[in-house]
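User: I'd like to go through this structure with you. Can we start once it's on screen?

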Amino acid sequence: MRVELQHVCKSYPLPGGGGTVSALDGVNLVIERGTLCVLNGPSGSGKTTLLSVIGGLSRPTSGSVTLDDKEVRNSSDRQRGTVAHAFQEAVFIPELTVMENLLLPALRCRDHFPIDRGERLLEAFGLAEMFDLFPAALSGGEKRRLNLARALFLSPSLLLIDEPAAYLDDGWQRKAMEMIIREVCDAQATLVMATHTPLPGDEGFRRILMHKGRVIEDGSSDY
Ligand code: ADP
Ligand code: MG
């Protein structure tokens with residue numbers, strides 16, 4: 001999927017009604033289909049906001065977001081199953097099992113329920129013994145791996161991941177990155193990951209550096 005942002009600004013009202021805080025300040029970006037991108041920048045630079053705006057979960061205050069030549073106004077504008085978002089903090093339904101939570105994205109496209117793919121993904125993310133547990137029984141790292149597996153489940157054309165390394169030890173960071181890259185490349189999908197720390201295996205990625213809501217560097221592969 002191709003992503004284009006034109007003059008995207010996002011501001012939030014300050015509590016108490018006095019003024020606004022600017023999270024994105026005139027972002028212009030074109031990301032061609034099949035590109036692997038990493039968004040870098042210190043905490044508060046606007047990375048999470050940018051991912052939400054690209055995914056249609058948050059509307060820009062001004063400017064436009066276009067996915068494959070279609071302007072996105074909210075998340076329902078997206079074709080079902082084509083955009084997946086892994087938030088930094090996973091959201092699970094506590095009454096559903098690990099497998100049922102993994103299958104949730106398929107509810108948006110009910111003709112497509114590949115349970116065997118779900119099993120393979122859970123196994124690959126080290127959750128083979130946990131299909132029937134409830135999310136409360138998982139550790140932080142296990143929840144994170146379930147969150148990533150769920151984002152990959154429908155082979156999205158655009159995958160947005162916020163802080164992929166969060167809660168994962170070095171070994172799982174490396175394995176998770178390998179699986180994400182393999183899946184994304186097989187599907188010729190577009191990947192945008194936001195991170196404030198270096199990630200193993202992202203050396204060939206397009207690096208977009210943010211500072212105070214602006215893109216201040218684009219394309220360098222050095223930290
Ligand atoms: P990052 O992911 O790079 O840490 P964020 O996109 O989370 O940055 O935040 C960018 C700026 O916008 C910060 O100053 C943050 O406090 C502010 N911000 C983000 N979300 C909200 C919100 N829902 N309400 C108010 N301010 C917000
Ligand atoms: Mg963030």
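Analyst: Strand 4 and strand 5 form an antiparallel pair with two bridges. Strands pair here if DSSP finds at least two bridges between them. Helices (H or I, at least four residues) and strands (E, at least two) are DSSP runs, numbered from the N terminus.

User: What are the ground rules for the model?

Analyst: This is a predicted model: local features need pLDDT of at least 70, side-chain atom pairs count only at pLDDT 80 or more, and totals for chains, interfaces and linings use all residues. Residues are numbered from 1 along each chain as its sequence is written, chains are lettered from A and ligands numbered from 1 in the order in which they are written, and side-chain values use heavy atoms, with hydrogens and water left out.

User: Back to strand 5. Which residue stands opposite Glu 71?

Analyst: Thr 66 does.

User: And what is the strand order of the open sheet of four strands?

Analyst: The order is 2-1-4-5, with antiparallel pairing. Strand 2 and strand 5 (70-71) are the edge strands, each pairing on one side only.

User: How many bridges join strand 1 to strand 2?

Analyst: Nine, between strand 1 (residues 3-13) and strand 2 (residues 20-31), which run antiparallel. Ser 11 has Ser 22 of strand 2 as its bridge partner. The hairpin of these two strands has six residues between them, and there Gly 16 takes a positive phi near 95 degrees.

User: How many bridges join strand 1 to strand 4?

Analyst: Five, and the two strands run antiparallel. Gln 6 has Ser 64 of strand 4 as its bridge partner.

User: Is Ser 64 buried or exposed?

Analyst: Ser 64 counts as buried because its relative accessibility is 14%. Buried means under 20% relative accessible area, exposed over 50%, partly exposed in between (1.4 Å probe, protein chains only). Ser 64 lies in strand 4 (residues 62-67).

User: What is Ser 64 in contact with?

Analyst: Leaving aside neighbours within four places in sequence, Ser 64 is in contact with Glu 4, Leu 5, Gln 6, Val 8 and Glu 71. Contact means heavy atoms within 4.5 Å.

User: Is strand 3 enclosed or open?

Analyst: Strand 3 is largely enclosed by the rest of the structure, because five of its five residues are buried. Leu 36, Val 38 and Asn 40 are buried on one side, Cys 37 and Leu 39 on the other.

User: What does strand 3 pair with?

Analyst: Strand 3 pairs with strand 8 in the parallel sense over four bridges. Leu 39 has Ala 194 of strand 8 as its bridge partner. Strand 3 also pairs with strand 9 (residues 206-211), parallel, over four bridges. There, Asn 40 stands opposite Leu 209.

User: Switching to helix 5. How far apart are its end C-alpha atoms?

Analyst: They are 24 Å apart. That agrees with the 24 Å that the 17 residues of helix 5 (residues 170-186) should span at 1.5 Å a residue. The expected span is 1.5 Å times one less than the number of residues.

User: Which of its residues are buried?

Analyst: Trp 172, Gln 173, Ala 176, Met 177, Met 179, Ile 180, Ile 181 and Val 184. Their cover includes strand 3 (36-40), helix 3 (115-124), helix 4, strand 7 and strand 8 (190-194).

User: Where is Lys 175?

Analyst: Lys 175 is in helix 5. Lys 175 counts as partly exposed, at 42% relative accessibility.
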